[in-house]
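Today I'm going through the salt bridges.

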Amino acid sequence: MMKKFFKKCIKHFNNFFLKFKLLHKSNTISFGSNHNDKKFYLIRRFNSVSGIFSNYTVFLKHIRFALENSLIPVIDMQYEENYLYHEEGQFGKVNIWENYFRQPFEYDLKDVLFSSNVIFSNNDVLDLYNLEPEIINNQNKIEYWGGIANDYLKFNDETYFYLNKIYKNLIPDNKKVLGVSYRAGYVNGRPYGHPIQPSIEKLIYDTKKYFKKLKYDYVFLSVEDQKIVDIFKNEFGDNLIVVDRLRINSGSNININRSEKNDNNYREKIKSCIDLDKLKDLNSYLETASFDRENDKFHKGLEYISEMYILIK
């Protein structure tokens, strides 16, 4: 009991010290003379290949920190380059976050860049909150974090309209739909922080099991590999629902789990997996982006966001 108490005290002390360090005046930067009565908290990710929902989770923690310390959070995906989302010429010109989401408040980067009190985000903030462990089987925590997300991480009007249109067109009314999310590139290995996926055989077995046991009408599948879509289509036929989007085709026998950085034919191999008619400016994209996690480039854009939206709705 005492050991647990002291452990808790140490944690509180460390959190207090960390907050003091992050909020110290030495971390406050002035870009101008505007908004003297406000303190902005500029949120950045420091990760050039992070996905939109990975950013969503990280930004959620930063927003909580800002709210707890009377700061105004503003999300910057304009001056922090992201190879998954910045197209050629957009870095430093387009805040990619605002392509899909609103800013948490009515302020944006233009306000921050001419303000007198700006605090840059720091990754140490992430150590203050254990989001993932907290929300597992804890309804109160789910509602707490969900409340922050609903209030401050809202889709912009264009995205919201698109997502609802996709949902209405794909999901039948008054039918039970079993959602399945699968990352085909993470079967034999995984990036740090991502779970290894089950085999396709295990996935099919479990999906059929619950489809029959719980009497579902349809299966909705989110996956980046067209080969997996074809396998599910063979099993579920017209009862399968998928978003029509760009996917890799692992049927080309490329090992999509290993790095191809040192392969001279790397770009040609990747091109052979892609429907060239659906992806604009592919050459310039491949020139600026080189990944160990090749499938991740297929977890982006409105089509991918729509899959996640349908899964949680």
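This is a predicted model: local features need pLDDT of at least 70, side-chain atom pairs count only at pLDDT 80 or more; totals for chains, interfaces and linings use all residues.

I started with aspartate 238, which is exposed at 70% relative accessibility (buried is under 20% relative accessible area, exposed over 50%, partly exposed in between; 1.4 Å probe, protein chains only). Residues are numbered from 1 along each chain as its sequence is written, and side-chain values use heavy atoms, with hydrogens and water left out.

Aspartate 238 pairs with lysine 233 in a salt bridge at 3.9 Å, N to O (a side-chain nitrogen of Lys or Arg within 4 Å of a carboxyl oxygen of Asp or Glu). Lysine 233 is partly exposed, at 40%.

How many salt bridges does the structure hold? I get eight.

Next I looked up arginine 102, which meets aspartate 157 at 2.9 Å, N to O. The two sit 55 residues apart: arginine 102 in the loop between β3 (72–75) and α3 (109–112), aspartate 157 in helix α6 (residues 157–170). (Helices are DSSP runs of H or I, at least four residues, and strands runs of E, at least two, numbered from the N terminus.) Arginine 102 is partly exposed at 40%, and aspartate 157 is exposed at 51%.

Last entry: arginine 245 and glutamate 307, also bridged at 2.9 Å, N to O. Buried or exposed? Both are buried. Through shared partners, salt bridges join Arg245, Arg247 and Glu307 into one network.
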